[in-house]
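Here are some friendly notes to read alongside the structure. Keep the viewer open and find each residue as you go.

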Amino acid sequence: MLEVNEIFGPTIQGEGKLVGTPSIFIRFGKCNFKCVGFNVEYETPSGKKKFACDSYYAVDTEFRDSWNSYNSYLDIVSKINNLLISYNYNFKIDIVITGGEPLLYWNNIEFQRLLKHYIENGHKVTIETNASLNIELSEDYQKQILFSMSVKLSNSLEKLKKRVNKTTLNNILSNSKESYLKFVIGDDFLDSAILEIQDILKDIPKCEVFLMPLGDSAKKIDENSLEVINLAIKYGFKYSDRLHIRVWNNKRGV
């Protein structure tokens, strides 16, 4: 059973190394983190006020009644084909697997069939993950996945032992060619962030590293972006904006 919060697009990839690329998003439900430190306030269907990341509706299982369950990957493929029916592209659109935490489904055979289907049909497949779960990349198609690894820092308020898994980071970076790290930072967390990032980068293969401003609205991105840009310049990292939030704030399905 694949629990999917939403499937939407075509839209653009809003962050990371493929920003601006036309994409279809498959957002899976469930996450192994809560990330209350990201301080996005929301209300659950039962009326509780909580704090989490900006994808709380895919993280908090109180929203599960709004998710869709798929027994076969082919049902997801059919949904995506319907989204693309009026678009006469002369290229294979990118497929972005996100969440929640999609690697919770890694050992699900239908999840693997979904990945294999799109990779073997010439699509670029990105998995957006916190990279905290143990996975094996034993199949050739799995090694063609672009893993966008948003490893959480202490500002997420998740425990270090849970959020940093160097075994998985080494496994993914050693077995895939284009995968990279990105870190969410607010302007009140700059010095500590650099120390934590430098510690994470020890003993793992060299890769691209992006710094990304914290925020679930264009206003908050604006407030955080300049200091994050300056930090990236100072330490030789790349900067990733959050283009989808600048354009649509935290509107779903775009």
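Is Asp216 buried or exposed? Keep that question in mind; point 1 takes it up.

1. Let's begin with the answer. This is a predicted model, and in it Asp216 has a relative accessibility of 16%, so Asp216 counts as buried, the cut-off being under 20%. The side chain of Asp216 meets that of Lys220 in a salt bridge, with 3.4 Å from N to O. Lys220 is partly exposed, because its relative accessible area is 36%.

2. Next, look at another pair, Glu223 and Lys219. They form a salt bridge whose closest N and O atoms are 2.5 Å apart. Both sit in helix α7, and because they are four residues apart, about one helical turn separates them. Glu223 counts as partly exposed at 44% relative accessibility, while Lys219 is exposed at 58%. Elsewhere, salt bridges with shared partners tie Glu15, Asp54, Lys182 and Arg242 into one network.

3. Ile233 has a relative accessibility of 64%, so Ile233 counts as exposed, the cut-off being over 50%.

4. Nine strands make an open sheet with mixed pairing, in the order β5-β1-β2-β6-β7-β8-β9-β10-β11. The edges are held by β5 (68-70) and β11 (238-239); each has a single partner strand, so one side of each is left without a neighbour in the sheet. Helix α7 packs on this sheet, where it touches β9, β10 and β11, and its direction makes about 155° with that of β10.

5. For a close-up of strand pairing, pick β9 (residues 180-185) and β10 (residues 209-213). These two run parallel and are joined by five bridges. Within that pairing, Leu181 has Val209 as its bridge partner in β10.

6. Helix α3 deserves a visit as well. Residues 109-120 give α3 12 residues, and the distance from its first C-alpha to its last is 16 Å, close to the 16 Å expected. What caps the N-terminal end of α3? Asn108 does: one of its side-chain oxygens lies 2.8 Å from the backbone nitrogen of Glu110. After the helix comes Gly122, which has a positive phi, near 90°.

7. Which residues of α3 are buried? They are Glu110, Phe111, Gln112, Leu114, Leu115, Tyr118 and Ile119. These buried residues pack against several elements: β1 (2-12), β2 (22-28), α2 (73-84), β6 (94-98) and β7 (125-129).

8. Finally, back to charged pairs. Side chains of opposite charge can pair when their charged atoms come close. The whole structure holds 21 salt bridges. One of them joins Glu62 to Lys48, with the closest N and O atoms 3.8 Å apart. This pair links distant parts of the chain, 14 residues apart: Glu62 is in the loop between α1 (56-59) and β5, and Lys48 is in the loop between β3 (40-43) and β4 (49-52). Glu62 counts as partly exposed at 25% relative accessibility, and Lys48 is partly exposed too, at 48%.

How values were computed:
Residues numbered from 1 in each chain as written. Predicted model: local features only at pLDDT ≥ 70, side-chain atom pairs only at ≥ 80, totals over all residues. Heavy atoms only, no water. Expected span 1.5 Å × (residues − 1). Buried < 20%, exposed > 50% of the residue type's maximum accessible area, 1.4 Å probe, protein only. Contact = heavy atoms within 4.5 Å. Polar contact = N/O pair within 3.5 Å; in protein donor to acceptor, adjacent residues only side chain to side chain. Pairing = 2+ DSSP bridges. Axes fitted to C-alpha atoms, helices over the stretch in contact; angles between N-to-C directions. Salt bridge = Lys/Arg side-chain N within 4 Å of Asp/Glu carboxyl O.
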